[in-house]
Amino acid sequence: MKPLHNKSIIITGGAGGIGMATARMFLDEGGKDVLLVDKNKNALDEAKKELNNPGVHCFVADITVADEVKAYTDKAVELFGKLDVVFLNAGYEGVVKPLTEYPEDIFDKVLDINVKGVWLGLKYAFPHMQKSGGSIIITSSVAGLTGTAQMMAYTTSKHAVIGTMRVAALEGAPYKIRVNSVHPGPVDNRMMRSLEEGFAPGAGGEVKKGFESQIPLGRYATNEDIASMVTFLASDKSKYITGSIHVVDGGFVI
Ligand SMILES: NC(=O)c1ccc[n+]([C@@H]2O[C@H](COP(=O)([O-])OP(=O)(O)OC[C@H]3O[C@@H](n4cnc5c(N)ncnc54)[C@H](O)[C@@H]3O)[C@@H](O)[C@H]2O)c1
C-alpha cells in the first residue's frame, strides 16, 4: 500500500510552486483528495488543469480572512468526509529594503499572510482533526532560522511561525494531531526570482549564483525537494514526529 493511501489534504498556496508539486506528489503516493486553496483564481484553474486528476478540488480564499479560512476548511470536510493532512503553505515574500525604509503596510501584509494566516488555518482545522488526529505541516523557511539583511518582515514572520508550530504541537498532541514546520532554502521558482530581482534589480542571475555558491550541495531546491519532505511528514512514516523543525536546504544553514 502506498504511504498516503486514501488520505485527504488541504494545501494553502496550492496554486504556487511548492503547493502544486506537493499536490502532485501527494496523489502519486496514494493520496485520494486534495483541496488547493489560493487567492489567485486563474492560477488555481491552471493548476487543476495541469494536475488533471478527479481528486483535485479548488477553493479561492484569502487566508488572512477568518470567514474564508473557516469556509475552505468546512468545504474540505464536506467534500472528503474527513481531514487527514493540512499543509499551511501560502506565503508572501514582501520586499527587499533596509529596515529603516521598509514600508509599514508591506510589513503588516507579510505578517498577516505568513503568521496570522497560519494561526487561522490551525484554528479552524483543529476542531475537525481532534476527532481522529492527523498531520499539519507549516511552511517556514531557512529565513526562520537565520537573519537576512533587508528582509525584515519575511524573516520576522518565518521565525514567528516556529512558535506557532510549537504551541499547536503541544495542544494537538493529546488528540494525535502532529504539527511540524518545513524550512526550505532557496527554491528555484517564482518567489526566488522576485527576491533575486529585489536584491539586485536587473541582475537577479548574479544573486542566484551568489546564493548557489553558499549551498554545499551546489544548487537551489526544486519544488519537488520540498514536496518530498512534506509528503513524508503527511504520512504515517513520521507518526512519532511532532513539534519539529525540518530543514530542506542542501546544507545552506550548516
Ligand atoms: N521559494 C522559495 O525559495 C521559498 C523558500 C523558503 C520558504 N518558502 C515558502 O514556501 C511557501 C510556498 O511558496 P512558493 O515558493 O511555492 O511561492 P509561490 O509564490 O509560488 O506560492 C505562494 C502561493 O501563496 C499564495 N498566497 C499568497 N498570499 C495568499 C493569501 N493571502 N491567501 C491565499 N493564498 C495566498 C499565492 O497566490 C501563491 O500561489 C511560502 O510560505 C514561502 O514563504 C519559499
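Okay, hi everyone. Before anything else, keep in mind that what you're looking at is a predicted model.

Let's start with the overall layout. The protein chain splits into domain 1, which covers 8-185 + 223-248, and domain 2, which covers 187-220. If you take the C-alpha centres of domain 1 and domain 2, they sit 23 Å apart. Where the two meet, nine residues come from domain 1 and nine residues from domain 2. And which elements give two or more residues to the domain 1 side of that contact? Those are α1 and α8, the latter being 223-234. If you like to think in residue classes, that side of domain 1 has five nonpolar, three polar and one charged residues.

Now, the sheet. Seven strands make an open sheet, and the order across it is β3-β2-β1-β4-β5-β6-β7, with parallel pairing. At the edges you'll find β3 (56-60) and β7 (245-248), each of which pairs on one side only. Going from one strand to the next, the twist averages 20°. There's also a helix lying on this sheet: α5, residues 152-172, packs there and touches β5 (134-139), β6 (177-184) and β7. The direction of α5 makes about 160° with that of β6.

Let me zoom in on one strand pair. β1, residues 8-12, runs parallel to β2, residues 33-38, and five bridges join them.

Next, a pair of helices. How do α6 and α7 cross? The axes of α6 (residues 190-199) and α7 (residues 204-213) come within 8 Å, and the crossing angle is roughly 105°. So α6 is roughly perpendicular to α7. On the α6 side, the contact uses Arg 193, Glu 196, Glu 197 and Phe 199, while α7 brings Gly 204, Val 207 and Lys 208. Sorted by class, this contact of α6 with α7 has two nonpolar, one polar and four charged residues.

Last stop, the ligand. There are 28 residues around the ligand, and the ones that come nearest are Gly 13, Gly 16, Gly 91, Val 187 and Met 191. Which domains does the shell draw on? Domain 1 and domain 2 each provide at least three residues of the shell. As for helices, α1 (17-28), α4 (104-129) and α6 each supply at least two residues of the shell. By class, the shell has 12 nonpolar, 12 polar and four charged residues.

Methods: Residues numbered from 1 in each chain as written. Predicted model: local features only at pLDDT ≥ 70, side-chain atom pairs only at ≥ 80, totals over all residues. Axes fitted to C-alpha atoms, helices over the stretch in contact; angles between N-to-C directions. Helix = DSSP H or I, 4+ residues; strand = E, 2+ residues; numbered from the N terminus. Parallel < 35°, antiparallel > 145°, perpendicular 65-115°, else oblique. Contact = placed C-beta atoms within 7 Å. Nonpolar A, V, L, I, M, F, W, Y, C, P; charged D, E, K, R; others polar. Pairing = 2+ DSSP bridges. Near = placed C-beta within 6 Å. Domains from an automatic or database assignment.
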